[in-house]
Amino acid sequence: MRSIVSIGSALICALGANAAETPLDAPTESIGLFKNGLAYVTRTAAIDAPGTYVLDRVPTAVHGSFWIESDLNVSVRSTTRLVELPVTDASRDSLQERLSGRTVTVTMHDLVDAPITGTVLVIDRHREELENQGRDRSSTHATATPVWPHWPTMQPPQTASDNFLVLETENGLSYVDVNAIIHLSVVDGAPVTTHRRPALVFTVTEDDFEAMSGGTIQISYLSRGMTWAPTYQVNLRDSTTLSIGMQTVIRNEMDDVEDAELLLISGFPSIEFQHVDSPLSPDARLATFFQQLNQQVRDPRAPASHAVSQVVSNIGSNRNARMDDLIPSGEGPDLHYQSIGRHTIALGDTLMLSVASATASYERAVEWHVQADDDASRRNRWSWFWHQPKPAALQDGDPWETLRFRNPFDVPMTTAPITVVEEGRFLGQQVGSWVSVGEEMLLPITKALRVRVQHDEQEDASRSDTVSPGGFGGDRKRIRRTVLEGTLQLTNQRNEPLDMVIVHTIEGTRVDACDLATVRTFRAGGPTEAGRYELTWRVALKPGETRSIDYEYTRLRPR
């Protein structure tokens, strides 16, 4: 039975740890990696006796994700303490903090002949900042309900150690202007300095401990600083078969990882508080916490560059899939975990691995996605993009050399760069969309510069009329119904035959697609309500051949 775990926070000002405290050995069991730099970490510690255990490497967790489970009666508190560290470990701190507790001799430019020798005072900067913030809140926010939105404008309070090096000498405290120092030497040879470090203190009581003969503590949380960046390479073996490989680069800027299982996560999960640090995290401040809560987080569904999208999220490719031949795959939510085994990655290291490889058959063709000229299509382009996306390259209105193949892996293909090569030569690179197992992928390679296209639409005024939502001659808002006649002209300037696919999306009420086009209905229309249709032609062009394709449809516009 899982016990209730209490979590608190405290400040410990004493130097060093209590002698009764035992370092907590909580190795990392697994890390689930998202592509946006978040990682879900699971750590487990074995407890063989009641007492107090200290974890001195406290993670910066995402708000609401830090969770502790145990079969034992455990309480947890977040604290900070002053500890002795090698000087190199504190090299990023201020001069006061870096030399805390050491004996130094200081020479100033206006007192060259009178150097000052003393011990650098140990200043609890963390506690001083909290006390200054408390005084600032008391004077600035005197009301019972603090005005939290004003807090982000507050600057970190300035402490004595910002401008002065405080020394304890035989004559008392001396405040030395750090800007006036021309020379400083360390008199003692101690290789350590006093510094404040965060810690988690776990207290395991004796209740029921003997009956359980020990137990475990499991710690799990979301944290930032570790990510995976997948890439694919497609190698065209011959005219019908390709091989595809997947590699990933794992960057660790979070903490040392030793022999932990790494899980690659793909999907589009909801992480509402990914921008907010837990108040339990090191250096947590109420001002920062409420500032982060008040921040407006960008909607991940909003249009963004594909370079950003492929890193932080996944874009589905359901626009190009034929709905009647999708292959069912997987169970549960569309969040896929792929284990790549156990690995050791030091802080700051990068690991590159080959993850999977497979072969598949493919079709090669020149695809032309006709760019719509009407206002309605332009207005709906972004609203449809996120629900029915297609490769960005195909939206520029030019013909592209493309590949069509089905995902040959036993796992989904995630949104990532895909490089295409043939006989050792680079052909192109695009962002591949997230596709399920067995689902078809459309991949543009390069522009088809020797395939010329032209699109023209003309209104047939003799076949236009005016209608209202209530029928002919109604008194309500009237709509002009116009017949448009379109022509698509294609020219193959290559010395070889080619297969061409033409896709044209229109809005109207009646579609007459000559030349045997395939019509796909996104939204059916009526006599006074426009529908949305996708026309697709598949054409084989001989070398030097020019062909025209005619179509017509009825479009509605407010009069």
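Modeller: E423 sits in the loop between β21 and β22 (425-432). The model is a predicted one, and in it the phi of E423 is near 55 degrees, a positive value in a residue that is not glycine. E423 has a relative accessible area of 74%, over the 50% cut-off, so it counts as exposed.

Residues 226-236 make up β15 and residues 241-252 make up β16, and the two strands pair in the antiparallel sense over 11 bridges. One of the facing positions is A229, which stands opposite V249 in β16. With 4 residues between them, β15 and β16 form a hairpin.

β21 also contributes a charged side chain. E422 meets R364 in a salt bridge, at 3.6 Å from N to O. R364 belongs to strand β19 (residues 350-369) and E422 to strand β21, so this pair ties together parts that lie 58 residues apart in sequence. R364 counts as partly exposed because its relative accessibility is 32%. E422 has a relative accessibility of 24%, so it too counts as partly exposed.

How many salt bridges does the structure hold? There are 14. Another one joins D398 and K447, whose closest N and O atoms are 2.8 Å apart. D398 is in the loop between α6 (375-385) and β20 (400-406), while K447 is in strand β23 (residues 440-447), so the contact links parts that are 49 residues apart in sequence. D398 is partly exposed, with a relative accessible area of 30%. K447 is also partly exposed, at 34% relative accessibility.

D259 and R342 meet through their side chains at 3.5 Å, N to O. R342 lies in strand β18 (residues 335-345) and D259 in strand β17, so parts 83 residues apart in sequence are tied together. R342 is partly exposed, with a relative accessible area of 43%, and D259 is partly exposed with a relative accessible area of 43%. Like E423, with its positive phi near 55 degrees, D259 is a non-glycine residue with a positive phi, near 50 degrees. E423 is in a loop, whereas D259 is found within a strand, β17 (residues 257-267).

Of its 10 residues, 7 are buried, so β4 is largely enclosed by the rest of the structure. It is joined to β3 (residues 28-33) by 5 bridges, and these two strands run antiparallel. In this pairing, I31 stands opposite V41 of β4. β3 and β4 form a hairpin with 4 residues between them, and G37 in the turn has a positive phi of about 95 degrees. β4 is also joined to β14 (residues 215-224), by 10 bridges and again antiparallel. There, the bridge partner of I47 is G215 in β14.

The whole structure has 6 aromatic pairs. In one of them, the ring centres of W537 and Y551 are 6.0 Å apart and the planes are at 50 degrees, so the pair is tilted. W537 is in strand β29 (residues 531-541) and Y551 in strand β30 (residues 546-558), so the pair ties together parts 14 residues apart in sequence. Y551 pairs with Y553 as well; that pair is stacked, 6.3 Å centre to centre, with 10 degrees between the planes. Y551 and Y553 are both buried, and W537 is buried with a relative accessible area of 2%. W537, Y551 and Y553 form one aromatic cluster.

Technical notes: Residues numbered from 1 in each chain as written. Predicted model: local features only at pLDDT ≥ 70, side-chain atom pairs only at ≥ 80, totals over all residues. Heavy atoms only, no water. Pairing = 2+ DSSP bridges. Buried < 20%, exposed > 50% of the residue type's maximum accessible area, 1.4 Å probe, protein only. Phe/Tyr/Trp six-rings, centres within 6.5 Å; stacked < 30°, edge-to-face > 60°. Salt bridge = Lys/Arg side-chain N within 4 Å of Asp/Glu carboxyl O.
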